[in-house]
Amino acid sequence: MARAAKNQSKHYVVWKGRKTGIFSSWPEAEAQVKGFAGAEYKAFDTLSEAREAFSGRYQDYLGPKATQNRLLEVPPPITPSYCVDAACSGNPGLLEYRCVETASGKEIFHRGPFAQGTNNVGEFLAIVEALRLCKEKGYTWPIYSDSINAIAWVKAKKARTNLVRTQQNAELFERISQAEAWLRSHTYPNPILKWQTDSWGENPADFGRK
């Protein structure tokens, strides 16, 4: 006699997010945690497991990698601050980049799409534009980025990209030249920091297209 198919539905506990509680679908839970810095959440197979977990601490349900990060005492992201990210369909491909406030996820600027770009170029341009904005407003806020390369390029005041200039991406290269010129002629107090995805979850500026 064939067994009845097992119910594969999950229950999602959100300890820290826009709203906390137990959610019966991922879209409901995702709305609470996506772009929320330091969100704490986990899926469970049964409602009873979820209820038990919600009455406890998130730290008690961390996986091995997250536990290691906790033992190393990775601090939460600094706020107030800005986060930047880029999305590129192809390499090179159609490029967009943006900046948001880390704590709220509020979008500060969104540029593109630009033809024949790369993620690193987008993040470089986003960091520099965020620096320029901070300079105008007198902010000393940190700026977070996923891209180690883009952070290094900003510190070197040079976008060391292998991207080939074409007629299609001429506007993008003009933006790169302007950003490099600004870096050469300005100083800034803002720390430029790597976003710690393993510890904090997805970058709040992420486009969600992975």
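Colleague: What are the ground rules?

Modeller: This is a predicted model, where local features need pLDDT of at least 70 and side-chain atom pairs count only at pLDDT 80 or more, while totals for chains, interfaces and linings use all residues. Residues are numbered from 1 along each chain as its sequence is written, and side-chain values use heavy atoms, with hydrogens and water left out.

Colleague: Why is Glu123 called buried?

Modeller: Buried means under 20% relative accessible area, exposed over 50%, and partly exposed in between, with a 1.4 Å probe and protein chains only. Glu123 has 4% relative accessibility, so Glu123 counts as buried. This residue lies in helix α4; helices are DSSP runs of H or I with at least four residues, strands are E runs of at least two, and both are numbered from the N terminus.

Colleague: What does Glu123 touch?

Modeller: Contact means heavy atoms within 4.5 Å. Not counting residues up to four places away in sequence, Glu123 touches Val84, Asp85, Ala86, Ser145, Asp146, Ser147 and Ala150.

Colleague: Which residues does UniProt list for "binding site"?

Modeller: The unreviewed UniProt entry lists Glu123 and Asp146. They are spread over 24 residues of sequence yet cluster in space, with a largest C-alpha distance of 8.0 Å. UniProt positions follow the numbering used here, feature names are shortened, and annotations may be inferred rather than shown by experiment.

Colleague: What makes Glu180 and Lys158 a salt bridge?

Modeller: The term asks for a side-chain nitrogen of Lys or Arg within 4 Å of a carboxyl oxygen of Asp or Glu. For Glu180 and Lys158 the N to O value is 3.9 Å, so the pair meets the rule. Glu180 lies in helix α6 and Lys158 in the loop between α5 and α6, so the pair ties together parts that are 22 residues apart in sequence.

Colleague: Are these two partners buried or partly exposed?

Modeller: Glu180 is buried because its relative accessibility is 8%, whereas Lys158, at 42%, counts as partly exposed.

Colleague: How many salt bridges are there by this rule?

Modeller: The count comes to five. Another one joins Arg111 and Glu129 at 2.5 Å, N to O.

Colleague: What makes a set of residues a nonpolar core?

Modeller: The members must be buried Ala, Val, Leu, Ile, Met, Phe, Trp, Tyr or Cys residues joined through side-chain atoms within 4.5 Å. The largest such core here has 34 residues, and Val154 is among those with the most contacts inside it. Helix α4 gives the most to this core, with ten residues.
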